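Please look over the sequence and the model before reading on.

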Amino acid sequence: MSKGNFLHELTGSMSEGAAGNPTVAMIEAAFAHHGLHWRYINMEVTPRDLAAAVRGAKAMGFRGFNCSLPHKVAVIPHLDGLGESAAVMGAVNCVVRRCEEFIGENTDGKGFLKSLESVINPKGKSVVLFGAGGAARAIAVELGLAGVKRITIVNRSEPRGAELVGLLRDKLELDAAFVAWSGDHAIPAETDIVINGTSIGLYAPEARLALDLSTLKPGMVAADVVFNPVRTRFLDDAAARGCRAIDGLGMLVNQGIVGVRYWTGVTPDAAVMRKALESAMGL
Ligand code: NDP
């Protein structure tokens with residue numbers, strides 16, 4: 001194994017150790033399955049050491065790394081350039097060495113899009129997206145780049161929601177609207193895709209998304225970013241009303257696939273990665 005085949009994941013001090021990290025298990029399963037002599041290792045990096053860690057990764061020939069909170073925005077000044085969606089959203093979760101330059105990408109939204117495309121082509125579709133945090137922001141930008149017709153951001157905090165809508169309008173010239181979330185939100189009948197981009201439901205199978213379930217119609221697509229539990233109450237409720245449900249595990253697997261492809265040039269086997277992820281998560 002050459003030193004050039006190392007990747008790493010820069011995480012904040014709140015991260016799990018490598019041993020129990022499902023992402024590590026998923027990526028390394030892909031390497032093993034495809035006979036790639038690479039390693040993906042988890043390292044905790046404090047904000048103070050971020051610049052030195054990126055310089056070190058470059059000096060040691062790392063082919064790239066993932067970074068999670070709190071480094072997604074702070075890492076940008078330490079990189080040589082940004083991919084299209086990362087530049088629009090101003091956040092990076094995946095760094096790729098290209099021609100000796102470290103380029104920042106954002107694979108969260110790309111992973112979501114790939115998962116969504118297994119069920120529906122978002123081009124020309126109308127979307128209601130709950131949430132305006134990091135995941136929702138990545139999804140909204142990627143959906144905008146994929147050519148959705150209209151996107152409505154429904155968020156509890158008005159400044160955050162309005163800021164995202166401003167970004168979608170200004171940078172992507174998208175037909176975007178903000179609705180402050182209070183009470184059970186009614187989904188307009190012309191909606192094609194409804195997405196929970198909030199953390200509601202994470203580790204909380206009974207948690208309820210405040211939406212008027214009677215406005216969910218058969219044929220709509222319902223997607224969740226929450227991946228634990230895999231089947232959230234929102235997805236169960238939507239499926240019971242005839243919607244096609246997409247779980248958050250698909251997004252997680254697909255962002256891993258995009259990362260491995262960026263780093264190695266190999267498109268890894270999705271089934272192998274999902275199985276490794278499920279096993280590491282004890283599912
Ligand atoms: P953030 O903290 O950046 O954003 C959280 C969002 O959820 C905000 O819009 C927040 O609203 C909203 N929210 C949280 N609690 C409530 C509540 N009680 N009522 C109304 N709104 C609420 O988190 P992220 O965007 O980074 O992550 C969101 C979820 O996405 C997490 O569950 C995470 O695990 C998941 N995720 C999944 C990925 C995957 O691959 N499947 C990848 C990345 C994230 P407000 O602005 O008002 O605070």
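## Basis of the model

The model is predicted: local features need pLDDT of at least 70, side-chain atom pairs count only at pLDDT 80 or more, and totals for chains, interfaces and linings use all residues. Residues are numbered from 1 along each chain as its sequence is written, and side-chain values rest on heavy atoms, with hydrogens and water left out.

## The parallel sheet

An open sheet is formed by 6 strands in the order β9-β8-β7-β10-β11-β12, with parallel pairing. The edges are held by β9 (175-180) and β12 (244-246), each with a single partner strand, so one side of each has no neighbour in the sheet. On average, neighbouring strands are turned by 15 degrees against each other, direction ignored. Strands (E, at least two residues) and helices (H or I, at least four) are DSSP runs, numbered from the N terminus; two strands pair if DSSP finds at least two bridges between them.

Strand β11 (residues 221-224) pairs with β12 in the parallel sense over 3 bridges. Within this pair, V221 stands opposite R244 of β12.

## Helix α8

At the N-terminal end, D247 caps α8, with a side-chain oxygen 3.0 Å from the backbone nitrogen of L249. After α8 comes G265, whose phi is positive, near 85 degrees.

## Helix α6

Helix α6 (residues 158-172) lies across β8 (150-155) and β9, and runs at about 175 degrees to β9. Such angles run from 0 to 180 degrees between N-to-C directions, with axes fitted to C-alpha atoms, for helices over the stretch in contact (heavy atoms within 4.5 Å).

Key: Polar contact = N/O pair within 3.5 Å; in protein donor to acceptor, adjacent residues only side chain to side chain.
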